[in-house]
Amino acid sequence: MHKLTRIFALIGAILLAGLYICTLILALINSAYTSDLLKAAIASTIILPVLLYAYILIYRLAKHSDDSPEK
């Protein structure tokens, strides 16, 4: 399961880097839809790490409850 966590961390890092690049490109482009796309990219840049943190937190809680001895 440790390998799966590393894979998810790598995917999250790649997605964040892509979002940062996307945000930079959208900030420099002048188009009719750029404003909406820029807002979506900035929101995703904030929401994605929060969701990844929540995934890790839930995984740790579930792992600890699975390790507890049954009565």
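Trainee: Why is Tyr 55 called partly exposed?

Mentor: Tyr 55 has a relative accessible area of 32%, and since buried means under 20%, exposed means over 50% and partly exposed is what lies in between (1.4 Å probe, protein chains only), Tyr 55 counts as partly exposed. This is a predicted model, in which local features need pLDDT of at least 70 and side-chain atom pairs count only at pLDDT 80 or more, while totals for chains, interfaces and linings use all residues. Residues are numbered from 1 along each chain as its sequence is written, and side-chain values use heavy atoms, with hydrogens and water left out.

Trainee: What makes the pair of Tyr 55 and Tyr 59 stacked?

Mentor: A pair of aromatic rings is described by the distance of the centres and the angle of the planes. Rings of Phe, Tyr and Trp (its six-membered ring) pair if their centres lie within 6.5 Å, and planes under 30 degrees apart count as stacked, over 60 as edge-to-face and the rest as tilted. The ring centres of Tyr 55 and Tyr 59 are 6.4 Å apart and their planes stand at 20°, so the pair is stacked; by this rule the count comes to one aromatic pair.

Trainee: Why are Tyr 55 and Tyr 59 separated by about one helical turn?

Mentor: The two residues are four residues apart in helix 2, which means a separation of about one helical turn; helices here are DSSP runs (H or I, at least four residues), strands are runs of E (at least two), and both are numbered from the N terminus.

Trainee: Which residues make the nonpolar surface patch?

Mentor: Leu 4, Ile 7, Phe 8, Ile 11, Leu 15, Tyr 55 and Ile 56 make a patch of about 560 Å². Two or more of its residues come from each of helix 1 (2-28) and helix 2 (34-67), and helix 1 gives the most, with five.

Trainee: Is Ile 7 buried or partly exposed?

Mentor: Ile 7, in helix 1, is partly exposed, because its relative accessible area is 44%.

Conventions:
Patches are made of residues with over 30% relative accessible area and no salt bridge: like charges are joined within 9 Å, nonpolar side chains (Val, Leu, Ile, Met, Phe, Trp, Tyr) within 5 Å. Accessible areas come from the Shrake-Rupley method with a 1.4 Å probe; for residues, only the protein chains shown count as cover. A salt bridge is a side-chain nitrogen of Lys or Arg within 4 Å of a carboxyl oxygen of Asp or Glu.
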